[in-house]
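Here is a short report for a reader new to this structure. Look through the sequence and the model first, then read on.

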Amino acid sequence: MKKIVVLALMGVCLSAFVSPALAAYKDEYKLDIVPSLSTGWGMGAQYFADLVKERSDGKINIKVYPNSQLATGKQTSAFMLLRNGAIDFACQSTINYSPQIPELNLFALPFFMSGQPDRYKALDAITNGKAGELIAKAIEDKGGKFLCFGENGFREMTNSKKEIRAPKDLEGVKMRVVGSPLFLDTFKALGSNPVAMPWSDTIAALQQGTIDGQENPINTFYPLKVHEYNKYVTNWHYMGDPTMFVVNPKIWISFSSEDQELIAKAAKEAAAYQIALARIGIDENDGGKNLEYLKSIGKVPDVLDWDAELKKVGMVVTNLTPEETQAFVELTKPVVETWRKTIGEELVKAAEEDMAAAR
Ligand code: X2X
């Protein structure tokens with residue numbers, strides 16, 4: 001009996017000395033993404049998994065699960081699953097975590113970034129600035145370990161009915177939007193008829209004609225051949241959607257500090273790849289730097305001019321003039337005013353200062 005007690009005590013003492021870093025690693029870590037692997041978002045997430053596997057000599061095996069499989073399609077509840085450990089890693093859109101982390105609505109404020117002289121500079125100023133720090137903190141406070149921002153992209157809209165040059169053209173067009181309240185507010189303010197729906201149901205709904213259109217970054221909708229159902233695309237860049245590389249905090253502390261460093265570095269590199277993919281052939285002011293970067297990692301994509309590509313596959317491409325854009329800006333101003341409060345004045349002001357400093 002005494003022996004057993006002594007042995008049990010030894011066990012307790014020993015386990016106290018075994019740091020969590022020495023806990024056994026899982027055979028597979030599940031990483032959640034919303035779209036398919038063929039999108040820039042998916043390619044960036046896969047690159048992250050590949051880098052981690054290679055650099056850890058196969059010890060850390062991250063598997064990317066596309067099409068919101070891990071969240072059974074419920075993309076706007078996926079943060080709960082990351083927090084409770086059903087999902088280990090994610091490369092997620094700020095939009096999908098915004099119902100649980102209201103600060104993330106910042107990026108979806110209509111024309112907040114694209115109202116600046118250079119929308120990509122504005123986005124970078126926020127993600128790399130004081131506002132980005134506040135957002136990272138908000139994510140961590142809610143129970144996600146934040147690694148870095150990547151990019152889904154600036155969102156454009158497509159539909160099957162007509163060319164959209166003015167808000168009145170949206171009348172009677174059934175637009176699919178993400179199930180996040182700010183999107184419903186924005187599209188209602190513009191006089192459209194928005195329908196909230198998971199991305200995983202959207203292509204079938206376009207095909208069946210239960211919706212007429214959708215809004216997403218080109219590099220997210222083109223690989224799914226949205227042009228087969230939607231003839232019209234309007235480039236209005238009304239909001240830019242970063243992705244976030246995040247980890248469940250318990251999983252994070254189970255890694256040794258060397259492995260944490262390896263993972264964080266791989267996430268930064270994968271994010272840089274995802275950002276370059278989201279911008280190449282779209283950002284008219286990039287001075288060739290996205291192509292240069294993609295060449296340097298040996299990953300130049302096929303399409304280097306998106307307007308030309310979309311025309312080639314039969315779309316009518318509409319680029320709004322500043323005056324035309326202004327009509328959309330005016331109608332969505334009340335939405336911005338309302339949502340500033342939900343997001344938090346301190347954060348919105350920090351973002352405005354970050355953008356002003358980068359101009
Ligand atoms: O649902 C969408 O539109 C998508 C794929 O862009 C997001 O997950 C936010």
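## Gln 100 in its loop

Where is Gln 100 found? Gln 100 sits in a loop, between helix H4 (94-97) and helix H5 (119-127). Bear in mind that this is a predicted model.

Is Gln 100 buried or exposed? Its relative accessibility is 15%, and buried means under 20%. Gln 100 therefore counts as buried. Beyond its neighbours within four places in sequence, Gln 100 is in contact with Thr 76, Ser 77, Phe 79, Met 80 and Lys 142. With Thr 76 there is also a polar contact: the side chain of Gln 100 reaches the backbone oxygen of Thr 76 at 3.0 Å. Ile 164 is another matter. Gln 100 and Ile 164 are 64 residues apart in sequence, and their C-alpha atoms are 33 Å apart in space.

## The sheet

Five strands form an open sheet. Their order is S2-S1-S3-S12-S4, and the pairing is mixed. Strand S2 (62-65) and strand S4 (145-149) are the edge strands, each pairing on one side only. On average, neighbouring strands of this sheet are turned by 20° against each other, direction ignored.

A helix belongs in this picture too. Helix H6 (residues 130-142) lies across S4 and S12. Helix H6 runs at about 150° to S4.

Strand S3 covers residues 89-93. How many of its five residues are buried? Five of the five are, and the strand is mostly covered. Both faces are covered. Phe 89, Cys 91 and Ser 93 are buried on one side, and Ala 90 and Gln 92 are buried on the other.

Strands of a sheet pair through backbone hydrogen bonds, either parallel or antiparallel. S3 pairs in the parallel sense with strand S1 (residues 29-32), over two bridges. Here Leu 31 stands opposite Phe 89. S3 and strand S12 (residues 243-247) run antiparallel, and five bridges join them. In S12, Val 246 is the bridge partner of Ala 90. Phe 89 stands opposite Val 247 in S12.

## Ser 93

Which strand holds Ser 93? Ser 93 has its place in strand S3. Its relative accessible area is 1%, so Ser 93 is buried, the cut-off being under 20%.

What does Ser 93 touch, not counting residues up to four places away in sequence? The answer is Trp 41, Asp 241, Pro 242, Thr 243 and Met 244. A polar atom of the Ser 93 side chain lies 2.9 Å from the backbone nitrogen of Ile 95. Gln 75 is 18 residues from Ser 93 along the chain. The C-alpha atoms of Ser 93 and Gln 75 are separated by 9.4 Å.

## Two domains

The protein is divided into two domains. Domain 1 takes in 23-102 + 119-152 + 242-296. Domain 2 takes in 156-239 + 304-358. The contact between them takes 32 residues from domain 1 and 29 residues from domain 2. The C-alpha centres of the two domains lie 23 Å apart.

The size of an interface is often given as the accessible area lost when the parts come together. What area is buried between domain 1 and domain 2? The area is about 2,300 Å². Carbon and sulfur atoms give 66% of this buried area.

Notes. Residues numbered from 1 in each chain as written. Predicted model: local features only at pLDDT ≥ 70, side-chain atom pairs only at ≥ 80, totals over all residues. Heavy atoms only, no water. Buried < 20%, exposed > 50% of the residue type's maximum accessible area, 1.4 Å probe, protein only. Helix = DSSP H or I, 4+ residues; strand = E, 2+ residues; numbered from the N terminus. Pairing = 2+ DSSP bridges. Contact = heavy atoms within 4.5 Å. Polar contact = N/O pair within 3.5 Å; in protein donor to acceptor, adjacent residues only side chain to side chain. Axes fitted to C-alpha atoms, helices over the stretch in contact; angles between N-to-C directions. Domains from an automatic or database assignment. Buried area = accessible area lost by both parts, 1.4 Å probe.
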